Amino acid sequence: MDLFEFQKRVTVNSTESGKGEGMDPDSVKSTLSNLAFGNVMAAAARDYQKEVLAQEKVQASSSVNQDIDLDELMDDPELEKLHADRIAALKKEAEKRQALKRQGHGEYREITEGDFLGEVTGSEKVICHFYHREFYRCKIMDKHLKSLAPIHVDTKFLKLDAENAPFFVTKLGIKTLPCVIFFRNGIASDRLVGFQDLGGKDDFSTKALEGFLLTKGIIKENKKEEEDDDSYDDRNRSVRSSINPDSDSD
């Protein structure tokens with residue numbers, strides 16, 4: 001029985017008994033306390049069950065909404081357009097790189113005087129190293145340019161033996177070797193003479209030369225191929241200086 005029903009029965013029994021023997025007051029108090037505790041626990045159990053059911057409904061609703069949001073996201077026309085544009089851009093870049101490689105980009109090549117005009121006018125940006133076979137500093141420059149050519153495909157990297165190209169050596173006013181001349185659309189725009197812009201020493205790094213070329217705008221920063229300085233310098237270890245640093249002066 002619940003607390004209300006017990007109190008009702010106690011009242012009825014007390015009325016009917018009159019002056020007869022009544023119930024023990026302590027017993028009544030204990031019973032009332034037990035019933036009250038039982039009612040509280042039952043109410044708490046019902047409230048807990050309602051709370052659990054409410055949480056389950058919220059979770060179920062959230063899961064359904066998440067599924068709907070993901071489905072909507074997958075079908076989002078703007079997202080599909082961005083994805084398609086990215087694929088198209090990557091395809092275009094790959095085609096451009098292939099076209100440049102067919103023009104001789106992506107490698108450090110030696111050309112002859114007869115090839116010179118066609119090579120420097122056939123690409124937007126060209127780096128041409130005028131060198132002498134016996135000059136040690138020219139070999140140092142060769143090493144660094146050879147490392148950079150496959151990374152910076154947008155620029156063509158060439159080398160030309162100055163002894164076998166007297167006409168262009170004179171026309172371009174080359175007095176000191178190594179001399180690296182930068183061409184833009186067939187026009188000589190700037191140059192690097194010796195190592196004067198690289199610290200004047202033979203032990204400069206490939207990274208230092210790359211930085212100089214970047215400041216001149218003859219190559220562009222290639223983040224895809226960018227590596228940390230340690231691995232870069234290990235792969236492109238600079239050549240130690242020669243006994244006579246001025247041995248490359250013409």
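**View 1. The cysteine C138 and its closest cysteine sulfur.** The sulfur of C138 lies 9.7 Å from that of C179, the closest cysteine sulfur, which is too far for a bond. This is a predicted model, in which local features need pLDDT of at least 70, side-chain atom pairs count only at pLDDT 80 or more, and totals for chains, interfaces and linings use all residues. Residues are numbered from 1 along each chain as its sequence is written, and side-chain values use heavy atoms, with hydrogens and water left out. C138 is buried, at a relative accessible area of 1% (buried means under 20% relative accessible area, with a 1.4 Å probe and protein chains only).

**View 2. The cysteine C179.** A search of the whole structure finds 0 disulfides (a disulfide is a pair of cysteine sulfur atoms within 2.5 Å). C179 is in no disulfide, and its nearest cysteine sulfur, in C128, is 9.2 Å away. C179 also counts as buried, with 1% relative accessibility.

**View 3. The crossing of helices α5 and α7.** Helix α5 covers residues 136-148 and helix α7 residues 206-216 (helices are DSSP runs of H or I, at least four residues, numbered from the N terminus). Their axes come within 10 Å and cross at roughly 70° (axes are lines fitted to C-alpha atoms over the stretch in contact, and angles run from 0 to 180 degrees between N-to-C directions). Therefore α5 is roughly perpendicular to α7 (65 to 115 degrees).

**View 4. Residues between α5 and α7.** M141, H144, L145, S147 and L148 of α5 meet T206, L209, E210 and L213 of α7 (contact means heavy atoms within 4.5 Å).

Methods:
Buried means under 20% relative accessible area, exposed over 50%, partly exposed in between (1.4 Å probe, protein chains only). Helices (H or I, at least four residues) and strands (E, at least two) are DSSP runs, numbered from the N terminus. Angles under 35 degrees count as roughly parallel, over 145 as roughly antiparallel, 65 to 115 as roughly perpendicular and the rest as oblique.
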